[in-house]
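Have the viewer open and follow along.

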Amino acid sequence: MTESTGDGPAAGPARPTLQEVAALAGVSRATVSRVVNGGAGVRASVQARVRLAVEELGYVPNPAARTLMTRRHNAVAVVIAEPESRVFSDPFFARQLRGISRELASAAVQLVLLLVAEPGDYAQVGSYLSAGHVDGVLIFSLHGDDPLPALVERLGLPAVFGGRPGWAGADDRTALYVDADNLGGARTAVRHLVDRGRQRVAVITGPLDQTSAADRLRGYQEVFPDVDPELLAESDFTAAGGRQAMEQLLARRPDLDGVFACSDLMATGAIAALREHGRTVPGDVSVVGFDDLEAAEPWGALPLTTVHQDIEGMGRLMARLLLTRLELSFAGRVEEAAALRPVVTPARLVVRASS
């Protein structure tokens, strides 16, 4: 047992200071600070001396001081305009978040997930973002009247959106976003059904205040310009919604022989409804989905013809685009940051047993 001196616990070894590193390297404190925070504007030989001194002394930068110096937090907010019940049950979101997470982790940037389940959540999200906890924001699953784009613009936060802009005042040329070729993919899917000899092809759309759903409907309309309203049903990108939409379509047009469901989950719900009504797939009705989610196949019983989009890759691209913009902005290369452009990834048909 150690005897107490009565003066309190013994102090640990003093933490090396920036001044001590500067003295050992024979440079100024400002030079050490620049090297520790990225080395911009410092000769390679001087950087080498500073890093050797840092290693010899075991100097560890103070994270709070570094944030004040660089105004960087090494954190990015990911805001999804959906309730958690949807986000954690839909494999689409899991894939996109996995892509984002992996790209941010490779850059040693923290991901902060924020969900918007109801109108009151916008105030909390706005309060968090305005407090300066993050360097930028990734936003997806927006609806047309969503206040998030205006919020991040007002805060001056660098942002990249998942999906083509569709909100009021949006400009495709200035907003940074990553999207799939929803229109082209949908057009290919519907033409495939026509090539299979289907003449009465129904479409189950997602919410039409989302650009992905609107673009997929446009792809359908390019093949069937005179849309029969009885062959169109709007749903919500869920399996339950797809089932309900299929029930409505069968009640209106029991003679339909093809269905383009604008998501794989809606396609699984549609197939379930068709089977309940004694229709065979693809014998009586051919079905095509959109997303290419293996987890969405209807209980593994029927591989789904679908439009493939690289969902995880799109998440990576969103994160990469934002990180590039941040790096350019922090380096003062404002014109290069402003020259960054949106990315639209290809979508291709994958033919399986449902058509």
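Predicted model: local features only at pLDDT ≥ 70, side-chain atom pairs only at ≥ 80, totals over all residues.

Q: Which residue in E3 stands opposite Val-76?
A: E1 covers residues 75-80 and runs parallel to strand E3, residues 136-140. Val-76 belongs to the set of E1 side chains that also holds Val-78 and Ile-80. Its opposite number in E3 is Gly-136.

Q: Which residue in E2 stands opposite Val-78?
A: E1 also pairs with E2, in the parallel sense and over six bridges. Look across from Val-78 to E2 and the residue there is Leu-113.

Q: How many of the six residues of E1 are buried?
A: In a regular strand, side chains alternate between the two faces of the sheet. In E1, Ala-75, Ala-77 and Val-79 point one way, while Val-76, Val-78 and Ile-80 point the other way. Both sets are buried, and E1 is largely enclosed by the rest of the structure because the buried count is six of six.

Q: Is Asn-74 buried, partly exposed or exposed?
A: Asn-74 sits in the loop between helix H4 (63-70) and E1. Its phi is near 50°, a positive value in a residue other than glycine. With a relative accessible area of 34%, Asn-74 falls between the 20% and 50% cut-offs, so the label is partly exposed.

Q: Is Asp-291 buried or exposed?
A: Asp-291 is another residue with a positive phi, about 140°, although it is not a glycine. It lies in strand E9. Its relative accessibility is 6%, and the cut-off for burial is under 20%, so Asp-291 counts as buried.

Q: Which residue is joined to Pro-282 by a cis peptide bond?
A: Find Pro-282 in the loop between H12 and strand E9 (286-291). The omega of the cis bond is about 10°. The partner of Pro-282 in that bond is Val-281.

Q: What is the distance between the C-alpha atoms of Met-266 and Ile-204?
A: Met-266 is in helix H12 (residues 264-276) and is buried, with a relative accessible area of 0%. Beyond its neighbours within four places in sequence, Met-266 is in contact with residues including Ile-204, Thr-205, Phe-237 and Ala-261. Met-266 and Ile-204 are 62 residues apart along the chain, yet their C-alpha atoms are separated by 7.6 Å.

Q: How are H1 and H3 oriented to each other?
A: Helix H1 (residues 18-25) packs on helix H3 (residues 44-57) with the axes 9 Å apart, and the crossing angle is about 125°. The crossing is right-handed, and Val-21 and Leu-24 are among the H1 residues that meet H3 residues such as Val-50 and Ala-53. An angle of about 125° lies between the 115 and 145 degree cut-offs, so H1 and H3 are oblique.

Q: What is the angle between H9 and H10?
A: Helix H9 (residues 182-195) and helix H10 (residues 211-223) have axes 7 Å apart, and their crossing is right-handed. Contact residues include Leu-183, Ala-186 and Val-190 of H9 and Tyr-220 and Val-223 of H10. The two helices are therefore described as oblique, and the angle is about 40°.

Q: What percentage of the residues of the protein chain count as buried?
A: To finish, step back to the whole chain, with its 14 helices and twelve strands. The accessible surface comes to about 17,300 Å², and carbon and sulfur atoms hold 52% of that. Of the 355 residues, the share that counts as buried is 48%.

Methods
Residues numbered from 1 in each chain as written. Heavy atoms only, no water. Helix = DSSP H or I, 4+ residues; strand = E, 2+ residues; numbered from the N terminus. Buried < 20%, exposed > 50% of the residue type's maximum accessible area, 1.4 Å probe, protein only. Areas by Shrake-Rupley, 256 points an atom, 1.4 Å probe, with all protein chains shown as cover. Pairing = 2+ DSSP bridges. Axes fitted to C-alpha atoms, helices over the stretch in contact; angles between N-to-C directions. Parallel < 35°, antiparallel > 145°, perpendicular 65-115°, else oblique. Left-handed = near helix turned anticlockwise from the far one by under 90°. Contact = heavy atoms within 4.5 Å.
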